[in-house]
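Here is a short report on selected local features of one structure. Please keep the sequence and the coordinates at hand while reading.

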Amino acid sequence: MKQKKGFALRTVCGENIIVAEGLETVDFSKVINLNETATFLWKEAEKQGDFSVDSLTEALCKEYEVEKAIAAADIDRIVGEWKEIGIIE
Amino acid sequence: MTDGLIAMIERLKPFLKEGKSVLLPIYGRSMRPFIIGGEDKALLLPVKSPVEVGDIVLAWVDGRRYVLHRVVKTAGDSVTLEGDGNIVGEEHCSQTDVVAKVEEVVRPDGRKKNLVSRSAMRGWRVWMALKPFRRIMLKAFSVLVLGEPIRHKKQAS
C-alpha cells in the first residue's frame with residue numbers, strides 16, 4: 001500500500017490533520033483528524049513508502065510498548081479507514 | 001455555532017495566511033439562492049483589500065460567531081452583513097474580522113459557479129430590490145428548484 005499524492009500531514013492549532021493540499025488550494029471537505037498513534041503511523045507509512053499492516057505493526061511495536069496482536073488489530077482498522085477515505089492506495 | 005465549527009474555521013486560517021485558498025463545504029440556508037448549504041463548497045480566498053458592498057465573506061461577527069454572508073454596507077472600518085437567504089437579521093463586524101472572501105462555489109457535480117461576475121452581481125442587485133418578496137421567492141426556490149417538500153411533516157410529540 002502507498003500514500004496517495006496530494007495529502008499532507010499538517011499540525012494546525014495543536015492538532016494533527018491530513019488535508020488534501022494542492023499548490024494553491026486546500027480541500028477542507030476532506031480533513032482527517034489524527035490522534036497520536038495515527039500520526040505516528042502516517043509518518044511511518046510516509047517513511048516506508050510501500051507499506052503494509054505488518055510493516056506498520058512492527059514499527060509501532062518498536063516505538064511503543066504494546067502487544068503485537070492488539071497493535072495489529074488497531075492498525076488494521078486505521079488503515080481500513082484510510083483506504084475508505086481514499087488517502088491510500 | 002458549535003465549538004467544533006469554530007475550531008474548524010480556526011484551523012483553516014493558517015492556510016489562508018499562507019496565501020492558499022481553502023475549499024470548504026457549506027451548510028445552512030442563509031445564503032440561498034446563491035449558495036446552497038449541504039451541496040455547495042465555497043472557495044475561500046485570502047482577503048487582500050478592504051471588503052466592499054456585494055462581497056461574500058466569512059467573518060467573525062458580533063463578537064460571538066462566524067458567518068458566511070454578503071456585505072450590505074460599509075462605513076469606515078465597520079462592516080454590515082446580511083444573509084441573502086435570510087428574511088431578517090444583520091450582523092456587524094470590522095474589516096479586520098473578515099477572514100476570507102468567496103468568489104466561487106463548487107457544485108456537487110464539480111462545476112464551478114462564479115458569484116461575482118457581472119451577471120451574478122446583477123442577479124444579486126435584482127434579488128436585493130425584490131426583498132419585500134423574499135420570503136415567497138425563497139419558498140418557490142426551495143420547492144421548484146431544490147425539490148424540497150412544500151410542507152414539512154409535523155414531528156410526532
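This is a predicted model: local features need pLDDT of at least 70, side-chain atom pairs count only at pLDDT 80 or more; totals for chains, interfaces and linings use all residues.

## Helix packing in chain A

Helix α2 (residues 53-63) of chain A packs on helix α3 (residues 68-85) of chain A. Their axes lie 9 Å apart, at an angle of about 130 degrees. The cut-off for roughly antiparallel is over 145 degrees, and roughly perpendicular runs from 65 to 115. α2(A) and α3(A) are therefore oblique to each other. Their crossing is right-handed.

On the α2(A) side, the contact is made by Val53(A), Leu56(A), Thr57(A), Leu60(A) and Cys61(A). α3(A) contributes Lys68(A), Ala71(A), Ala72(A), Ile75(A), Asp76(A), Val79(A) and Trp82(A). By class, this contact of α2(A) with α3(A) has 9 nonpolar, 1 polar and 2 charged residues.

## Ser21 of chain B

Ser21(B) sits in strand β1 (residues 21-25) of chain B. Its relative accessibility is 8%, so Ser21(B) counts as buried. The side chains of Ser21(B) and Thr25(A) are joined by a polar contact of 2.9 Å.

Beyond residues up to four places away in sequence, Ser21(B) touches Glu24(A), Thr25(A) and Val26(A) in chain A. In chain B, Ser21(B) touches Leu43(B), Leu44(B) and Leu45(B).

## Ser142 of chain B

Ser142(B) belongs to helix α3 (residues 134-145) of chain B. Ser142(B) is buried, with a relative accessible area of 6%. Neighbours within four places in sequence aside, Ser142(B) is in contact with Arg32(B), Gly147(B) and Glu148(B).

Asn86(B) is 56 residues from Ser142(B) along the chain. The C-alpha atoms of Ser142(B) and Asn86(B) are separated by 13 Å.

Note on methods: Residues are numbered from 1 along each chain as its sequence is written. Chains are lettered from A and ligands numbered from 1 in the order in which they are written. Side-chain values use heavy atoms; hydrogens and water are left out. Axes are lines fitted to C-alpha atoms, for helices over the stretch in contact, and angles run from 0 to 180 degrees between N-to-C directions. Helices (H or I, at least four residues) and strands (E, at least two) are DSSP runs, numbered from the N terminus. Angles under 35 degrees count as roughly parallel, over 145 as roughly antiparallel, 65 to 115 as roughly perpendicular and the rest as oblique. A crossing is left-handed if the near helix is turned anticlockwise from the far one by less than a right angle, and right-handed if clockwise. Contact means heavy atoms within 4.5 Å. Ala, Val, Leu, Ile, Met, Phe, Trp, Tyr, Cys and Pro count as nonpolar, Asp, Glu, Lys and Arg as charged, and the others, Gly among them, as polar. Buried means under 20% relative accessible area, exposed over 50%, partly exposed in between (1.4 Å probe, protein chains only). A polar contact is a pair of N or O atoms within 3.5 Å; within protein, one must be able to donate a hydrogen and the other to accept it, and residues adjacent in sequence count only if both atoms are side-chain atoms.
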